[in-house]
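Work through the exercises below with the model open. Each task is followed by a solution in steps.

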Amino acid sequence: MFGPFRLTSPLSGGLLWKMPWRLSRHQKYRHRERLRRVDDIISTLDMALAKQGLSTKKLEVWKKDMPTEAEMLPRDKYTIFDRKVKRYRKGIHKLPKWTRLSQRINPPGF
Amino acid sequence: MAYFRITLMRSAIGLPAQRKGVLAALGLRKRMATVYHPVTPDVAGQIMAVKELLDVAEVETALTKAQMKEQRRPERGYVVERRAGAVLE
């Protein structure tokens with residue numbers, strides 16, 4: 001039960017990676033930075049195209065649907081809807097590739 | 001003519017082939033690579049597809065590879081900050 005050869009789940013089961021259930025404040029900080037970086041790119045594209053009187057559908061749809069980092073609720077910033085989880089929310093870091101995705105909106109009412 | 005200066009900040013390893021294809025189409029092969037593309041809706045759409053991986057700025061002129069390398073080159077020679085004699089006096 002104790003000592004160097006105790007039976008723990010990583011020792012007996014091979015590969016086991018544990019993921020904390022919530023983000024650390026430094027993870028949250030870096031996540032906000034990433035969100036803001038995407039917001040900056042959107043505004044850069046918008047301004048550059050607007051100077052020539054142009055736009056593109058993807059950009060318009062994004063601006064209509066997606067909240068900016070400042071407009072987002074902490075709930076949507078750091079958690080994501082999951083129907084299998086109790087109370088329907090899990091940490092956004094449970095989403096595969098979460099640092100390279102834009103996951104900003106969740107089903108209404110959840 | 002205005003250009004987008006596009007730099008690949010995050011790698012697309014493990015992302016869908018579709019997004020890797022967009023990077024290839026933009027001419028971004030590895031991280032920290034920079035390319036210039038004219039400001040058009042087409043290029044803006046490509047940037048939108050992989051915006052989480054990029055750094056984008058609008059610039060007036062496009063630089064060639066040689067010019068970008070020249071910008072990174074440090075100044076030649078050295079600068080004398082102070083002389084030993086002045087310190088001893």
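Predicted model: local features only at pLDDT ≥ 70, side-chain atom pairs only at ≥ 80, totals over all residues.

**Exercise 1. The largest pocket**

Task: State the volume of the largest pocket. Which residues lie nearest its centre, and which element gives the most to its lining?

Solution. 
- Step 1. The largest pocket has a volume of about 420 Å³.
- Step 2. Its lining counts 16 residues. Nearest the centre of the largest pocket lie B:Met32, B:Ala33, B:Thr34, B:Lys65 and B:Met68.
- Step 3. Two elements of chain B, β2 and α3 (65-72), each give two or more residues to the lining of the largest pocket.
- Step 4. The top contributor to that lining is α3(B), with 5 residues.
- Step 5. By class, the lining of the largest pocket splits into 7 nonpolar, 3 polar and 6 charged residues.

**Exercise 2. Backbone with positive phi**

Task: Take B:Met32 and A:Lys97. What is phi at B:Met32, and what is phi at A:Lys97?

Solution. 
- Step 1. B:Met32 is not a glycine, yet its phi is positive, about 70°.
- Step 2. B:Met32 belongs to the loop between α1 (17-26) and β2 (34-38) of chain B.
- Step 3. The relative accessibility of B:Met32 is 47%, so B:Met32 counts as partly exposed.
- Step 4. B:Met32 is also one of the residues nearest the centre of the largest pocket.
- Step 5. Turn to A:Lys97. Its phi is near 60°, again a positive value in a residue other than glycine.
- Step 6. A:Lys97 sits in the segment after β2 of chain A.
- Step 7. With a relative accessible area of 38%, A:Lys97 is partly exposed.

**Exercise 3. An aromatic cluster**

Task: How many aromatic pairs occur over all chains? Classify the pairs that A:Phe110 makes with A:Phe81 and with A:Tyr88.

Solution. 
- Step 1. The count is 3 aromatic pairs over all chains.
- Step 2. A:Phe81 and A:Phe110 have ring centres 5.0 Å apart and planes at 55°, a tilted pair.
- Step 3. This pair links distant parts of the chain. A:Phe81 is in strand β1 (residues 79-81) of chain A, A:Phe110 is in the segment after β2 (89-91) of chain A, and 29 residues separate them.
- Step 4. A:Phe81 is partly exposed at 24% relative accessible area, and A:Phe110 is partly exposed at 37%.
- Step 5. For A:Tyr88 and A:Phe110 the centres are 5.1 Å apart and the planes stand at 75°. An angle over 60 degrees counts as edge-to-face, so this pair is edge-to-face.
- Step 6. A:Tyr88 lies in the loop between β1 and β2 of chain A, so its pair with A:Phe110 ties together parts 22 residues apart in sequence.
- Step 7. A:Tyr88 is partly exposed too, at 39% relative accessibility.
- Step 8. Join the pairs: A:Phe81, A:Tyr88 and A:Phe110 form a cluster.

**Exercise 4. Charges over rings**

Task: Which ring lies under the charged end of A:Lys28, and which under that of A:Arg34?

Solution. 
- Step 1. The charged end of A:Lys28 sits over the ring of A:Tyr78, 4.9 Å from the ring centre.
- Step 2. The charged end of A:Arg34 sits over the ring of A:Trp98, also 4.9 Å from the ring centre.
- Step 3. Link back to Exercise 1: A:Trp98 is among the residues that line the largest cavity.

**Exercise 5. The largest nonpolar core**

Task: How many residues make up the largest nonpolar core, and which element supplies the largest share?

Solution. 
- Step 1. The largest nonpolar core has 29 residues.
- Step 2. Those with the most contacts inside it are A:Leu45, B:Phe4, B:Ile6, B:Leu23, B:Leu28, B:Ile47 and B:Leu54.
- Step 3. At least two residues of this core come from each of α2 (25-51) and α3 (57-65) of chain A, and β1 (3-8), α1, α2 (41-49) and β3 (54-59) of chain B.
- Step 4. The largest share of this core is that of α2(A), with 6 residues.

Note on methods. Residues numbered from 1 in each chain as written. Chains lettered and ligands numbered in written order. Heavy atoms only, no water. Phe/Tyr/Trp six-rings, centres within 6.5 Å; stacked < 30°, edge-to-face > 60°. Helix = DSSP H or I, 4+ residues; strand = E, 2+ residues; numbered from the N terminus. Buried < 20%, exposed > 50% of the residue type's maximum accessible area, 1.4 Å probe, protein only. Lys NZ or Arg CZ within 6 Å of the ring centre and 35° of its normal. 1 Å grid on protein atoms, 1.4 Å probe; cavity = no way out; pocket = protein on both sides within 12 Å on 5 of 7 lines; lining within 4 Å. Points joined across faces, edges and corners; volume = space filled by probe spheres on them. Nonpolar A, V, L, I, M, F, W, Y, C, P; charged D, E, K, R; others polar. Core = buried A, V, L, I, M, F, W, Y, C linked by side-chain atoms within 4.5 Å.
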